[in-house]
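Me: I'd like to go through this one with you, a bit at a time. Here it is.

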Amino acid sequence: MIEILFSLSLIAFILLSLLSFQIRLFNNSVTTYYQTIALIQLENFSDMLLVASSNEDQQQLFYEWNLDNQKLLPNSKGNFFVEKDHVCTISLQWLFKRLYQEKQIVNC
Amino acid sequence: MRMIPQSRANGFTFLELLCVLSLGILIFIFLLTLISSVRELYHRQLAFSDLQENVYFLSNFFREKIQMAGNWSCQEKPLQYSAAVRIFNANDAKTQLNIKVAPATNLLQLSECIRFHHKTQFLPIYFFDANSGRADSRGLPIDSLFMQIDHHRREELISGVSQWNVTMQRVNNQKINQCVVEIRYVLTSMMKNPLLKPGILYVALRASHG
């Protein structure tokens with residue numbers, strides 16, 4: 001009887017480790033999904049900046065882009081800085097378990 | 001020497017048996033819950049991977065297609081810019097192109113030189129959201145994204161795409177005509193537990209080449 005209990009507990013332990021492994025895999029899948037979304041959003045904003053002719057246009061598009069970011073990524077916030085003439089750094093941060101960030105240098 | 005009775009030495013008491021059985025049942029229930037959790041997580045993980053693949057494909061494919069729109073390299077004369085990218089609503093798509101698309105969605109028409117039937121031709125390509133004729137595990141109809149070259153048969157690009165809304169703006173930026181195409185859609189994973197995720201694609205293209 002005790003042998004059966006012992007083997008059941010052993011199976012439970014193995015399955016528990018499998019579950020923890022699966023949880024880690026799932027979190028990785030979600031993280032890579034969000035990373036893909038973040039990269040696409042950065043490309044989207046890079047294209048938006050190509051269209052914006054004035055500083056006001058850039059600010060308006062930046063505001064709209066951040067609204068989209070909030071819909072697509074958890075606790076996200078985008079930023080952009082003009083590095084030098086027609087060169088900008090755009091970045092996107094989001095929070096999923098921990099803080100992630102993606103950055104790109106683009107023409108603007 | 002004290003003798004142990006024969007009945008106690010070889011067997012279990014009823015209380016011991018009861019304890020072991022209840023412990024066994026508890027462990028068994030725990031095992032079943034664990035197995036179902038592992039299965040559930042596996043399906044959710046598959047759903048996310050499926051979504052990621054589709055989002056990645058949609059982004060790359062359409063960015064390239066929209067940027068190539070208006071490529072008239074197979075033609076002798078450049079074409080009107082308006083012919084490169086066109087957007088139709090569901091009604092116009094039905095009446096003007098005879099293509100049935102899902103209600104409240106748009107049809108995106110991109111025209112470019114493509115190799116089709118062993119010949120490079122300038123042809124319109126239509127991208128639209130329509131009923132695939134299939135149903136998911138809950139019996140609900142599946143909408144898919146289709147591609148149709150000119151008047152040929154439609155081909156399914158991605159399953160589970162809905163609310164395909166396309167808008168276009170023309171911007172006169174420093175004497176360079178630019179066209180901006182914005183696509184908003186909702187992707188549904190076709191796995192056991194459907195996940196719905198919105199997606200946005202924003203592509204700018206210069207009008208000078210079309």
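Me: What pattern does chain B follow, read along the sequence?
Reply: Chain B reads α-α-β-α-β-β-β-β-β-β-β along the sequence, where helices are DSSP runs of H or I with at least four residues and strands are runs of E with at least two, numbered from the N terminus. In total chain B has 3 helices and 8 strands.

Me: Before we go on, what sort of model is it, and how is it numbered?
Reply: It is a predicted model, in which local features need pLDDT of at least 70 and side-chain atom pairs count only at pLDDT 80 or more, while totals for chains, interfaces and linings use all residues. Residues are numbered from 1 along each chain as its sequence is written, chains are lettered from A and ligands numbered from 1 in the order in which they are written, and side-chain values use heavy atoms, with hydrogens and water left out.

Me: OK, how much of chain B is buried?
Reply: Of the 210 residues in chain B, 44% are buried, where buried means under 20% relative accessible area, exposed means over 50% and partly exposed is in between, with a 1.4 Å probe and protein chains only. Chain B exposes about 12,600 Å², and carbon and sulfur atoms supply 56% of that area; accessible areas come from the Shrake-Rupley method with a 1.4 Å probe, and for residues only the protein chains shown count as cover.

Me: And what share of the chain B contacts join residues at least 24 apart?
Reply: Among contacts between residues at least 6 apart in sequence, 51% join residues at least 24 apart, a contact being heavy atoms within 4.5 Å.

Me: Pick a residue in chain B, say B:N106. Is it buried or exposed?
Reply: B:N106 lies in strand β2 of chain B and counts as buried, at 14% relative accessibility. Leaving aside neighbours within four places in sequence, B:N106 is in contact with B:I87, B:F88, B:N89, B:F127, B:F128, B:W164, B:N165 and B:V166. B:Q96 is 10 residues away along the chain, and its C-alpha atom is separated from that of B:N106 by 13 Å.

Me: Switching to chain A, what is the strand order in its sheet?
Reply: The open sheet has 3 strands in the order β1-β2-β3, with antiparallel pairing; two strands pair if DSSP finds at least two bridges between them. Strands β1 (77–84) and β3 (98–107) stand at the edges with a single partner strand each, so one side of each is left without a neighbour in the sheet. The twist averages 20° from one strand to the next, where axes are lines fitted to C-alpha atoms, for helices over the stretch in contact, and angles run from 0 to 180 degrees between N-to-C directions.

Me: What packs on that sheet?
Reply: Helix α1 (residues 2–51) of chain A packs on the sheet and touches β1, β2 and β3 of chain A, its direction making about 150° with that of β2(A). Helix α2 (residues 55–72) of chain A lies across β1 and β2, running at about 150° to β1(A).

Me: How many bridges are there between β2(A) and β3(A)?
Reply: Strand β2 (residues 87–96) and β3(A) pair in the antiparallel sense over 10 bridges. A:W94 has A:Y100 as its bridge partner in β3(A), and A:F96 stands opposite A:R98 in β3(A). The two strands form a hairpin with 1 residue between them, and A:K97 in the turn has a positive phi of about 70°.
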